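Look at the structure below and keep it in view while reading. The text goes through it one part at a time.

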Amino acid sequence: MTKLQLINLTKHYSGAPEPSVKDFNLTVEPGELVAFLGPSGCGKTTVLKMISGLLLPTEGDVLFNDESVIEIPPEKREVSMVFQKPLLFPHMNVGENIGFGLRMRKQKKDEIKVKVNNMLELVRLKGYADRKSTELSGGQEQRISLARGLVIEPRIFLLDEPLSALDASLRIEMRELIRKIQRHMKVTTICVTHDQEEAVMLADKIALMFDGKLQQYGVPEVFYERPKTKRIAEFFGCTNFVKGTQKGRTVATKLGAYTLDQLDDDNREVYLVVRPEAVEVSDGADSLKAKVKSRIFMGTHVRYIIDLFGKEYQITLESATLYKEGDIISFRLLKERLWAVPYDDNI
Amino acid sequence: MACIKKKNQNNITRKIILVLLYTWTFVPFIPILIWSFSLRWNYPNLIPEFSLRAWKYVFTQKNIISSLFSSILISSVVTAISLAIGLPAAKALGMYKFKGKKLISTLVTLPAIVPLLAVAMGIQVVFIKLGLSDSIYGVVLIHLVPVMPYMIMNLSSVYEAYNPEFEQQARVLGANAFTTFYKITIPAILPGIIVASMFSFIVSWSQYLLTLIIGGASTKTLPLLLFAFLNSGDYAIGGAICIIFVLPALILLFGSPKYFAGTKSVRGGEV
């Protein structure tokens with residue numbers, strides 16, 4: 001298993017006003033699956049290509065198990081990559097496609113055959129070795145592409161939005177397959193995606209990128225409960241930000257003052273971050289009363305757009321009790337699930 | 001029902017057009033074919049006197065055989081050279097964005113538009129000075145002028161559809177740049193190369209004027225010989241040469257459609 005370290009990785013394309021990736025630092029522990037998450041054009045794929053050797057960084061270093069691989073060309077780096085498109089070589093059949101990397105490594109024919117068949121079984125396409133690669137469905141093509149990338153037992157396995165071309169149900173199935181195979185082979189894996197749901201469900205850790213920079217790195221929960229900035233909280237679906245002042249661990253806002261043990265001591269202007277689901281219906285002394293402006297039924301839950309002190313907020317409640325437009329909801333904020341991020345005029 | 005009816009109508013129209021096209025292409029060859037197997041064909045005979053004289057003559061006359069070979073040689077060499085120049089040029093035009101791309105595209109197609117006589121008259125003076133006139137080298141060079149546009153235009157459309165990620169995929173799987181080129185790139189664009197080469201071969205094969213002006217008397221290709229026989233009034237031999245002359249074009253007509261199939265494979269999948 002291989003540990004991957006990226007040190008001050010920077011890529012500045014000639015002619016571009018800004019670098020595509022700037023001072024990117026990251027350590028991926030052996031056998032981990034990390035999702036590079038961010039909107040399209042934020043530099044995720046550029047980082048991936050620098051890890052694979054397909055792109056040379058302007059500055060910085062890539063280490064595998066503490067050794068620099070920056071001088072090693074892509075074909076010798078023992079990294080394998082699956083692209084958005086399956087890219088099955090059209091003049092080779094399925095078996096030849098999967099065995100391509102092994103043939104490049106000059107392995108014996110009968111060994112290759114065994115490995116190819118094992119891989120086909122792993123991606124649930126047993127008996128497909130002699131099929132033409134041009135006669136498969138989109139999902140099958142991508143599974144073959146996955147098998148072709150993994151059969152060489154790469155030190156680092158890179159996936160560049162491999163699921164984005166597939167339809168929704170297939171995507172979920174493939175996501176589970178990737179997770180299962182990755183656990184089984186214990187290969188250090190990086191998966192690029194712009195879909196936060198995909199990142200959360202797939203990855204051990206998420207590296208969130210905006211504008212070529214790493215914004216936050218950690219386990220998926222952190223991005224919901226402890227986002228570093230307002231923008232990160234927004235990316236993960238939070239819509240309620242209440243301006244306030246933090247003194248010590250107490251945040252004072254127009255919705256009331258909350259002492260949050262989860263905060264570090266500080267004196268600053270903040271946004272109180274209230275996730276839509278961090279509320280409960282309550283009639284207590286600390287409860288807030290808001291008028292329902294509209295509602296979105298989501299099955300087990302209902303999202304209410306409410307009017308509180310003349311501003312719009314969103315809260316999510318269980319669908320057991322339904323409120324209508326114009327009803328008054330009395331609720332309180334769940335203190336242990338609140339969070340504060342620095343106030344920023346620019347956003 | 002209306003849909004099926006329309007489909008049937010479309011099918012019938014297609015068939016009629018196909019029959020007309022084939023008639024258009026092949027009917028003119030019928031008299032030529034008959035001529036090539038005749039001794040004489042005088043008025044008022046409906047059918048000529050049958051004879052293999054022309055074919056025997058064609059396959060025994062040294063100058064016909066040698067002009068056939070020089071035609072094959074020149075067209076093959078021209079195709080090979082144009083492929084060597086055309087591949088990188090087409091890759092640049094098809095895959096990269098750069099300043100002046102439109103201008104270069106126009107310049108590349110220009111020889112296919114400008115009358116060749118004008119080009120040949122101008123170049124002949126230069127070729128005489130360089131000693132290229134009256135030589136096979138000169139003929140090969142001048143054939144490249146009308147051939148290059150066809151080669152580059154055909155290949156660049158292949159490269160436009162070609163996904164460069166195929167090469168990146170091969171690299172990360174362990175293939176070096178050279179192996180990637182001949183194991184991945186060449187096979188992927190091979191159908192395009194075949195079609196472009198066939199076109200180039202035909203364009204060079206059917207050059208009369210350029211060969212005549214630059215090659216002078218020294219280089220006798222098949223079209224030159226064909227004109228000579230037709231001028232002399234020996235339609236039987238002229239007909240036989242004509243049949244040989246038209247063979248590569250027929251091979252192209254029937255051989256190439258399978259290479260004109262969709263471009264899904266060079267794009268790397270549907271997205």
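This is a predicted model: local features need pLDDT of at least 70, side-chain atom pairs count only at pLDDT 80 or more; totals for chains, interfaces and linings use all residues.

In chain A, begin with an open sheet of five strands, whose order is β13-β12-β11-β14-β20, with antiparallel pairing. Strands of a sheet pair through backbone hydrogen bonds, and the pairing can be parallel or antiparallel. The edges of this sheet are formed by β13 (256–259) and β20 (339–342) of chain A. Each has a single partner strand, so one side of each has no neighbour in the sheet. From one strand to the next, the twist averages 35°.

Now turn to one pair within the sheet. Strand β11 (residues 240–248) of chain A runs antiparallel to β14(A), and nine bridges join them. In this pair, A:Lys243 stands opposite A:Tyr271 of β14(A).

Strand β14, residues 266–274 of chain A, also contains A:Asn267. Is A:Asn267 buried or exposed? A:Asn267 counts as exposed because it has 8 C-beta neighbours inside 10 Å, and a residue with 12 or fewer is classed that way. Leaving out residues up to four places away in sequence, A:Asn267 touches A:Gln246 and A:Lys247. A:Ser20, by contrast, is 247 residues from A:Asn267 in sequence and 35 Å from it in space, C-alpha to C-alpha.

The last part is the contact between the chains. Here 19 residues of chain B are in contact with 25 residues of chain A. On the chain B side, the elements giving two or more residues are α8 (165–172) and α9 (177–205). α8(B) gives the most, with six residues. By class, the chain B side has eight nonpolar, eight polar and three charged residues.

Notes
Residues are numbered from 1 along each chain as its sequence is written. Chains are lettered from A and ligands numbered from 1 in the order in which they are written. Two residues are in contact if their C-beta atoms, placed from the backbone, lie within 7 Å. Helices (H or I, at least four residues) and strands (E, at least two) are DSSP runs, numbered from the N terminus. Ala, Val, Leu, Ile, Met, Phe, Trp, Tyr, Cys and Pro count as nonpolar, Asp, Glu, Lys and Arg as charged, and the others, Gly among them, as polar. A residue is buried if 20 or more other C-beta atoms lie within 10 Å of its own, exposed if 12 or fewer, and partly exposed in between; C-beta atoms are placed from the backbone. Two strands pair if DSSP finds at least two bridges between them. Axes are lines fitted to C-alpha atoms, for helices over the stretch in contact, and angles run from 0 to 180 degrees between N-to-C directions.
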